[in-house]
Amino acid sequence: MTEVKQEPSSTGAPTDHGSAKLIFNWLKLAESALGNNSDRLNAINIFPVPDGDTGSNLYHTVAAATRALENVDDDASVGAALNVAASAALDHAQGNSGTLIAVMLNALAEPLAEAPRLTAPLLSSGLQRASAAAWAALSDPQEGTMLTILDTVAATASNYRASITDLPQDSQNSRKTLGEMSSRIVETAWMAVGETENQLAELTRAQVVDAGATGLLLVFDALRATIYGESIDPEILESIHGFHVAHPHVHEDMEVAEAYEVMCSLQLTPLDAATLRIGLNEVGNSVIMSPINTVEDDNGTIRWRVHVHVTEPDDAMKLIRPLGDTENLAITPLHINNSEAAACSPSAEAITEEHN
């Protein structure tokens, strides 16, 4: 299955502004949009590895977030709901793109911790944190990727927030102001996605934009649509290079050296986390490490999500195993086209191991 037969319908009644329904409707709409477009996102996925699974990874990661919200009280605050969704997304993140979008959600949840509703000022604060967290999570961050989009939307939100400081507090925190900010975010994100083709040599040669950046654009448009009670903009991807059905899957003709993606969650002390990052950088690349929460247990550890690409899986596991039990461990071959199988099942084409 490479497409979710689910229409991204209109969502987000005005009463959802102050409850968990806003977060659920947003992520459910984003899940639907990513599912409907996963095949084309996979088709243009060539960076950092042309393995054709970005759309599938984004879809499954956001789906994990929405599943976690199914048992959350409808009257819960947006902060509580987003925290639940973000933790689940990061704990079950798939691939580079899935991990980064989960990092974004996790950081976005921080300023909303005690907030009863989402407002433009809170969204701006969350996006600043999200951009900083995403850059910090990657050991080798690159422009022309999802990071560029996060920088763009954070700057857009910050500038818009500065422009409304003279408004009464009620106006600054109104749904109307939040909607206007979200519209500006989508507009600048759309332009930034188009520019990614010129920011990475691999994308320039293939004449496509970054797949992860395009997926993130859909997520932000889902937020805009939810705030306004509308559907995803049906024309938002019309001008995206390589995104029409008639266009080829550009990754299919690209060679991928034998390599594996290793992902897991585990409890780490600050020292162990820093040491593991150094070790993973020495044996692999595309290292992403992000704390899932910031609450220490009795042993002084917090839960981390770990991601790395390695030539041999055991190179990473020799560093990870001594640090404790892993959960949601997945070892996926990058040199095999995973897009079709991954779209059907979160565990397809992966060697998984879970410790309960």
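The questions below take up some terms in turn.

Analyst: This is a predicted model, in which local features need pLDDT of at least 70 and side-chain atom pairs count only at pLDDT 80 or more, while totals for chains, interfaces and linings use all residues. Residues are numbered from 1 along each chain as its sequence is written, and side-chain values use heavy atoms, with hydrogens and water left out.

User: What makes S124 buried or exposed?

Analyst: Buried means under 20% relative accessible area, exposed over 50%, and partly exposed in between, with a 1.4 Å probe and protein chains only. S124 has a relative accessible area of 2%, so S124 is buried. S124 is found in helix α6 (residues 120–137), where helices (H or I, at least four residues) and strands (E, at least two) are DSSP runs numbered from the N terminus. Leaving aside neighbours within four places in sequence, S124 is in contact (heavy atoms within 4.5 Å) with A157, S158, R161 and M181. In the protein chain of 356 residues, 56% count as buried.

User: How do you know whether Q207 is buried or exposed?

Analyst: The relative accessible area of Q207 is 56%, and therefore Q207 is exposed. Q207 lies in the loop between α10 (201–206) and α11, and has a positive phi of about 60° although it is not a glycine.

User: Why are β1 and β4 called paired?

Analyst: Two strands pair if DSSP finds at least two bridges between them. Five bridges join strand β1 (residues 260–268) to β4, so the two count as paired, and they run antiparallel. The bridge partner of S265 in β4 is E327.

User: What makes a group of residues a nonpolar core?

Analyst: A nonpolar core is a set of buried Ala, Val, Leu, Ile, Met, Phe, Trp, Tyr and Cys residues joined through side-chain atoms within 4.5 Å. The largest such core has 87 residues, of which W26, L27, M104, L123, L127, L216 and F220 touch the most other members. The largest share of this core, eleven residues, comes from helix α11 (residues 211–228). L127 touches L108, V153, A154, A157, I185 and F220, not counting residues up to four places away in sequence. In soluble globular proteins, nonpolar side chains tend to be buried together.

User: How do you describe the way α7 and α9 cross?

Analyst: Two packed helices are described by the angle between their axes and the distance between the axes. Axes are lines fitted to C-alpha atoms, for helices over the stretch in contact, and angles run from 0 to 180 degrees between N-to-C directions. The axes of helix α7 (residues 146–163) and helix α9 (residues 175–195) come within 9 Å and cross at roughly 145°. Among the residues that meet are I149, V153 and Y160 in α7, and M181, I185 and V193 in α9.

User: Where is there a cis peptide bond?

Analyst: A cis peptide bond joins F47 and P48, with omega about 5°. P48 is placed in the loop between α2 (38–43) and α3 (54–68).
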